[in-house]
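Subject: Handover of a structure and of the findings on it

Dear colleague,

Please keep it open while you read.

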Amino acid sequence: MSDLNAYLDELKKTKGIETDTALGEFLGIRRQEVSRARKRGYLTDEQCIYIALELGEHPLVIMLAREAAKEKNERYAAIWKSGIEACKRGLDTTALKDYRK
């Protein structure tokens with residue numbers, strides 16, 4: 001997975017959330033902010049970290065997906081997305097368990 005929307009949808013699925021309004025409530029943001037995240041990659045680092053930890057991903061993976069979503073140049077977006085796959089092959093998330101608080 002290398003698309004921010006796919007990660008947001010996966011979060012909805014794993015948490016039993018049905019709407020983007022409810023997703024916003026879960027993340028502590030308004031539905032409009034969820035829409036901006038989906039369309040333009042507008043998420044803070046803190047929100048990326050929270051989403052990553054909820055999904056069992058390394059935060060860098062979600063941050064790279066965010067940057068790819070923000071990127072207007074398709075070539076550069078592809079570079080951000082390739083970083084996701086590279087990270088997934090080499091990042092261990094077990095050390096992050098202490099940050100789930």
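Glu85 is partly exposed, as its relative accessible area is 32%. This value, like every other in this message, comes from a predicted model. Glu85 belongs to helix α6, which covers residues 74–90. Between Glu85 and Leu64 there are 9.9 Å in space, from C-alpha to C-alpha, although the two are 21 residues apart in sequence.

The chain as a whole

The chain has 101 residues, and buried residues make up 36% of them. Contacts were also sorted by the separation of their partners along the sequence. Among those between residues at least 6 apart, 55% join residues that are at least 24 apart.

Helices α2 and α3

How are two packed helices described? The description uses the angle between their axes and the distance between those axes. For helix α2 (residues 20–27) and helix α3 (residues 31–40), the angle is about 100° and the axes are 8 Å apart. An angle from 65 to 115 degrees counts as roughly perpendicular, and α2 and α3 are therefore roughly perpendicular to each other. On the side of α2, the contact is made by Asp20, Thr21, Leu23 and Gly24, while α3 contributes Arg31, Val34 and Arg38. By residue type, this contact of α2 with α3 divides into two nonpolar, two polar and three charged residues.

Pairs separated in sequence

- Asn5 is located in helix α1, residues 4–15. Its relative accessibility is 23%, so Asn5 counts as partly exposed. Asn5 and Ala37 are 32 residues apart in sequence, and their C-alpha atoms are 8.2 Å apart.
- Glu57 sits in the loop between α4 and α5. Glu57 has 17% relative accessibility; because the limit for buried is under 20%, Glu57 counts as buried.
- Ala65 is part of helix α5. Ala65 is buried, with a relative accessible area of 1%. Trp80 is 15 residues from Ala65 in sequence and 7.0 Å from it in space, C-alpha to C-alpha.

Is Gln47 buried or exposed? At 15% relative accessibility, Gln47 counts as buried. This residue is found in helix α4, which spans residues 45–55.

Cysteines

How many disulfides does a search of the whole structure find? The search finds zero. Cys48 is buried, with a relative accessible area of 0%. Cys87 counts as buried too, at 13% relative accessibility.

Yours sincerely,
A colleague

Conventions. Residues numbered from 1 in each chain as written. Predicted model: local features only at pLDDT ≥ 70, side-chain atom pairs only at ≥ 80, totals over all residues. Heavy atoms only, no water. Helix = DSSP H or I, 4+ residues; strand = E, 2+ residues; numbered from the N terminus. Buried < 20%, exposed > 50% of the residue type's maximum accessible area, 1.4 Å probe, protein only. Axes fitted to C-alpha atoms, helices over the stretch in contact; angles between N-to-C directions. Parallel < 35°, antiparallel > 145°, perpendicular 65-115°, else oblique. Contact = heavy atoms within 4.5 Å. Nonpolar A, V, L, I, M, F, W, Y, C, P; charged D, E, K, R; others polar. Disulfide = S-S within 2.5 Å.
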